[in-house]
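Trainee: Please take a close look at the side-chain pairs in this model, beginning with the aromatic rings. I would like one connected account.

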Amino acid sequence: MAESTAIPMTTNEEIDAVDVGDNTMEIIAYVDSIEGIKYVSKNKALLKFIINNGTGRRIRVLAWEENAKSYENKLSIHQIIHIQRGLFLRVNPNYFRKEENLIPFEISLTKNSKVDFLGKYATEAREMCKVVSTTIKDCASIEGKLSLDAYIKVTFEQETTSHSSYGSGAIMQGIYKLRVRISHFHENPALVEGAHIRLIGEIKKDRCKTLT
């Protein structure tokens, strides 16, 4: 898939101006995270993913049943998508997590919604140039992506909550320990306690500083 940075994303102002309940929602953004399909009440398939306009607005998107199954095989990280006639809804406050850095609204894809795939957002090369090599001791002061060389203290295991699934573990440098959360986790037999690894991610500013 070709990379593209020429496609204009929907602006912060346009997103902020959308009214709750508007079923003519139209937005262009790239796929930031894919949470995958889960089966909820009455065994309905629900696909959740997050889109990002590149300038500070991250929005969770919900696709149900046939839409969920169809889009799951088409979505990929950093893919630019154009959503037309999405339904703009307020997030249930019981599931809103401020630390996820999402706006308090979400887009529900209905039978009238249309999703076009426009190419890939060319972020990888630029982001890698901005990665800062640091230590666990100093990582809390780093903004943006960072790189850490450390040893596995607590082996990584899959954890599932009501709204996400991720790999969870911890790394160690000397006396310093750091929790790690991996959004797209696949078990790897080489990731045993004491193994040396290099991680690239960002520090999550929650109650317990976590590398994500």
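**Aromatic and charged pairs**

Mentor: Two aromatic pairs are present in the structure. The model is a predicted one, and every value below is computed from it. A pair of aromatic rings is described by two quantities, the distance of the centres and the angle of the planes.

In one of the pairs, Y30 and Y121 are stacked, with 4.3 Å from centre to centre and 20 degrees between the planes. The angle counts as stacked because it falls under 30 degrees. Y30 belongs to strand β2, residues 25–40, and Y121 to strand β7, residues 114–121, so this pair ties together parts of the chain that are 91 residues apart in sequence. Y30 and Y121 are both buried.

F88 and F105 also form a stacked pair, with centres 5.4 Å apart and 20 degrees between the planes. Here the link runs between strand β5 (residues 79–90), which holds F88, and strand β6 (residues 105–109), which holds F105; the two residues are 17 apart. F88 has a relative accessibility of 1%, and because the cut-off for buried is under 20%, F88 counts as buried.

One further ring is involved with a charge. The charged end of R181 sits over the ring of Y166, at 3.9 Å from the ring centre.

Next come the salt bridges. Side chains of opposite charge can pair when their charged atoms come close. A search of the whole structure gives five salt bridges, and three of them are taken up here, starting with the one between D16 and R57, whose closest N and O atoms are 2.8 Å apart. D16 lies in helix α1 (residues 12–16), while R57 lies in the loop between β3 (44–52) and β4 (58–64), so the pair ties together parts 41 residues apart in sequence. D16 has a relative accessible area of 47% and is therefore partly exposed.

E35 and R60 form another salt bridge, and their closest N and O atoms are 2.7 Å apart. E35 is in strand β2 and R60 in strand β4, so parts 25 residues apart in sequence are tied together by this pair. Strand β2 is also the strand that holds Y30. On accessibility, E35 counts as buried at 18%, and R60 counts as buried at 9%.

R198 and D149 form a salt bridge as well, with 3.0 Å between the closest N and O atoms. R198 is in strand β12 (residues 196–201) and D149 in strand β9 (residues 146–160), so the pair ties together parts that are 49 residues apart in sequence. R198 is exposed, its relative accessible area being 58%, whereas D149, at 25%, counts as partly exposed.

The chain as a whole gives the setting for these pairs. The chain has three helices and 14 strands. It has 212 residues, of which 40% count as buried. Among contacts in the chain with a separation of 6 or more, 60% come from residues 24 or more positions apart. The accessible surface of the chain is about 12200 Å², and carbon and sulfur atoms account for 49% of that surface.

Technical notes:
Residues are numbered from 1 along each chain as its sequence is written. This is a predicted model: local features need pLDDT of at least 70, side-chain atom pairs count only at pLDDT 80 or more; totals for chains, interfaces and linings use all residues. Side-chain values use heavy atoms; hydrogens and water are left out. Rings of Phe, Tyr and Trp (its six-membered ring) pair if their centres lie within 6.5 Å; planes under 30 degrees apart count as stacked, over 60 as edge-to-face and the rest as tilted. Helices (H or I, at least four residues) and strands (E, at least two) are DSSP runs, numbered from the N terminus. Buried means under 20% relative accessible area, exposed over 50%, partly exposed in between (1.4 Å probe, protein chains only). A charge sits over a ring if NZ of Lys or CZ of Arg is within 6 Å of the ring centre and within 35 degrees of the ring normal. Contact means heavy atoms within 4.5 Å. Accessible areas come from the Shrake-Rupley method with a 1.4 Å probe; for residues, only the protein chains shown count as cover. A salt bridge is a side-chain nitrogen of Lys or Arg within 4 Å of a carboxyl oxygen of Asp or Glu.
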